[in-house]
Amino acid sequence: MLPGEQPAILDRELFDAVQAKLNEQRNDHSAARDKSKSLLIGRIYDDRGNRMSPSHVRKGGIKYRYYLSSPLAPRPA
């Protein structure tokens, strides 16, 4: 152990087993978040509990990202 390092709370075998179980239970939101540059996807909500959806606009070759409340976000055609 390094100076100041704390002893492990769990042994490595149990930690690895829990991580494997968590990976099995991943939902679509976390998978989408991993593939997206919108890091807050599925994590933020507006004041009424609606999920915030990522959006963007390009101006002068720069991509500006922002989040909209789901009821305000445009629906796909």
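Modeller: The model is a predicted one. In helix H1, Asp16 and Arg12 are 4 residues apart, which means that about one helical turn separates them.

Colleague: How do the side chains of Asp16 and Arg12 meet?

Modeller: They form a salt bridge, with 3.4 Å from N to O. In general, side chains of opposite charge can pair when their charged atoms come close.

Colleague: How many salt bridges does the structure hold?

Modeller: The structure holds 1 salt bridge.

Colleague: Does each partner count as exposed or partly exposed, and what are the values?

Modeller: Arg12 counts as exposed because its relative accessibility is 58%, over the 50% cut-off. Asp16, at 39%, counts as partly exposed.

Colleague: Let us change topic. Which residues form the nonpolar patch on the surface?

Modeller: The patch consists of Ile9, Leu10, Leu14, Phe15, Val18 and Leu22, and together they have about 570 Å² of accessible area.

Colleague: Where is Val18 found?

Modeller: Val18 lies in helix H1, which covers residues 12-24. With 36% relative accessibility, Val18 counts as partly exposed.

Colleague: What share of the residues is buried?

Modeller: Of the 77 residues in the protein chain, 12% are buried. The chain exposes about 6900 Å², of which carbon and sulfur atoms supply 55%.

Notes. Residues numbered from 1 in each chain as written. Predicted model: local features only at pLDDT ≥ 70, side-chain atom pairs only at ≥ 80, totals over all residues. Heavy atoms only, no water. Patch = residues over 30% accessible without salt bridge, like charges linked within 9 Å, V, L, I, M, F, W, Y side chains within 5 Å. Areas by Shrake-Rupley, 256 points an atom, 1.4 Å probe, with all protein chains shown as cover. Salt bridge = Lys/Arg side-chain N within 4 Å of Asp/Glu carboxyl O. Helix = DSSP H or I, 4+ residues; strand = E, 2+ residues; numbered from the N terminus. Buried < 20%, exposed > 50% of the residue type's maximum accessible area, 1.4 Å probe, protein only.
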